[in-house]
Amino acid sequence: MPAHRYRSGTTRRSPSSKRLPALGILLAAFSLILAVPALYAVPAQAADVPARGSAHLGMGVVAHDGQGGTPATGDATQTEGVDVSSHQGNVAWATLWGSGVKWAYAKATEGTYYTNPYFAQQYNGSYDVGMIRGAYHFGTPDTTTGATQANYFVDHGGGWSKDGRTLPGVLDIEWNPYGASCYGKTQSAMVSWISSFLTQYKARTGRDAVIYTATTWWTECTGNYAGFAAANPLWVARYATAVGTLPAGWGFYTMWQYTSSGPTVGDHDKFNGALDRVVALANG
């Protein structure tokens, strides 16, 4: 019987020694698996970027300006309001009305790619319980022109009528939740974009839009431009006991978003005047 021959250079090994190379291969494969996340991990900031359309009034306030208390209650010279978006879904307007809320703004649009699916319930529901209501647009200067977005806003709920119950539209212009804070624009280019939006909004509605912003963003991204203050009411964002420094040009605020953690819907606001001044703004 011919002898069993091994290949040249091989030696006979015990069964246990045969398992050692296999064990080494398994360990190497396991090490490679552990290394893959480090090699191919998505950057942390990419994971934190929200979905387009999810932005809302004050989205960046806490992260950039922080928060520190709320103003005193019971001031008869100010009128309580709220602002809502799709994050609140169907809103309990009767509850808010019963708590003393007299005016409201609902997000209508963002860019030229998003409309709030809850807008009808929010816009009409607030009106139906007796509130003075309005609509706002979250501006995205990196996607389309200001005039184009103003048209989109008016065409999708941002219009105005002199019924004593409808407030002028709002341009929400603040930190970009999807990328660079100033949307990749220089300060002069940002001012031009805002001007384009405001001019077109007035051409379509006959009203000067309200500007919602935060002083720190306005300073960084417009160079603290003062040129809109004469015509456009200011809605300032600051989550603190006092409104603080206002953007250049405005000697007073019309509205103040003071918290994102108020009762029922979270985002609560003060109108700088009694209810008759809210009506006056609605009437133009």
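Which residue just after helix 5 takes a positive phi? The residue is Gly130, and its phi is about 115 degrees. The structure discussed here is a predicted model. Its chain has 284 residues, of which 44% are buried, and its secondary structure comprises nine helices and nine strands. Among the contacts in the chain with a separation of 6 or more, 70% are between residues 24 or more positions apart.

- Helix 5 spans residues 119–128, and its buried residues are Phe119, Gln122, Tyr123, Gly125 and Ser126.
- The cover over these buried residues includes strand 1, helix 4 (93–98), strand 2 (103–110) and strand 4 (132–138).
- Gln122, one of the buried residues of helix 5, is also among the residues touched by Val84.

**Val84 in strand 1**

- Val84 belongs to strand 1, which covers residues 79–84.
- With a relative accessible area of 1%, Val84 is buried, because buried means under 20%.
- Leaving aside residues up to four places away in sequence, Val84 touches Val91, Trp93, Tyr105, Ala106, Lys107, Gln122, Tyr136 and Val265.
- One of these partners, Tyr136, lies 52 residues from Val84 along the chain, with 9.6 Å between the two C-alpha atoms.

**Val170 in strand 5**

- Val170 is located in strand 5, residues 170–172.
- The relative accessible area of Val170 is 0%, and the residue is therefore buried.
- Apart from residues up to four places away in sequence, Val170 touches Tyr105, Ala135, Tyr136, His137, Phe153, Val210, Tyr212 and Trp235.
- Tyr105 and Tyr136 are touched by Val170 and also by Val84.
- The C-alpha atoms of Val170 and Tyr201 are 9.7 Å apart, and the two residues are separated by 31 residues in sequence.

**Packing of helix 6 against helix 7**

- Helix 6 (residues 146–155) packs on helix 7 (residues 187–205) at an angle of about 40 degrees, and the axes are 7 Å apart.
- Helix 6 is therefore oblique to helix 7.
- The crossing of helix 6 past helix 7 is right-handed.
- Helix 6 contributes Gly146, Ala147, Gln149, Ala150, Asn151, Phe153, Val154 and Asp155 to the contact, while helix 7 contributes Trp193, Ser196, Phe197, Gln200, Tyr201, Arg204 and Thr205.
- By type, the residues of this contact comprise seven nonpolar, six polar and two charged.
- Phe153 of helix 6 takes part in this contact and is also touched by Val170.

**Strand pairing: strands 6 and 7**

- Strand 6 (residues 210–213) and strand 7 run parallel and are joined by three bridges.
- Thr213 has Val236 of strand 7 as its bridge partner.
- In a regular strand, side chains alternate between the two faces of the sheet.
- In strand 7 (residues 234–237), Leu234 and Val236 point one way, Trp235 and Ala237 point the other way, and all are buried.
- Trp235 of strand 7 is among the residues that Val170 touches.

- Strand 1 is joined to strand 9 by four bridges, and the two run antiparallel.
- His268 of strand 9 is the bridge partner of Val82.
- Strand 8 (residues 255–259) is likewise joined to strand 9 by four bridges in an antiparallel arrangement.
- Lys270 of strand 9 is the bridge partner of Trp256.

- Most residues other than glycine have a negative phi.
- Tyr183 has a positive phi, near 60 degrees, and is a residue other than glycine.
- Tyr183 sits in the loop between strand 5 and helix 7, and at 6% relative accessibility Tyr183 counts as buried.
- Thr264 is not a glycine either, yet its phi is positive, at about 75 degrees.
- Thr264 occurs in the loop between strand 8 and strand 9, and its relative accessibility of 49% makes Thr264 partly exposed.

How values were computed: Residues numbered from 1 in each chain as written. Predicted model: local features only at pLDDT ≥ 70, side-chain atom pairs only at ≥ 80, totals over all residues. Heavy atoms only, no water. Axes fitted to C-alpha atoms, helices over the stretch in contact; angles between N-to-C directions. Parallel < 35°, antiparallel > 145°, perpendicular 65-115°, else oblique. Left-handed = near helix turned anticlockwise from the far one by under 90°. Contact = heavy atoms within 4.5 Å. Nonpolar A, V, L, I, M, F, W, Y, C, P; charged D, E, K, R; others polar. Buried < 20%, exposed > 50% of the residue type's maximum accessible area, 1.4 Å probe, protein only. Pairing = 2+ DSSP bridges.
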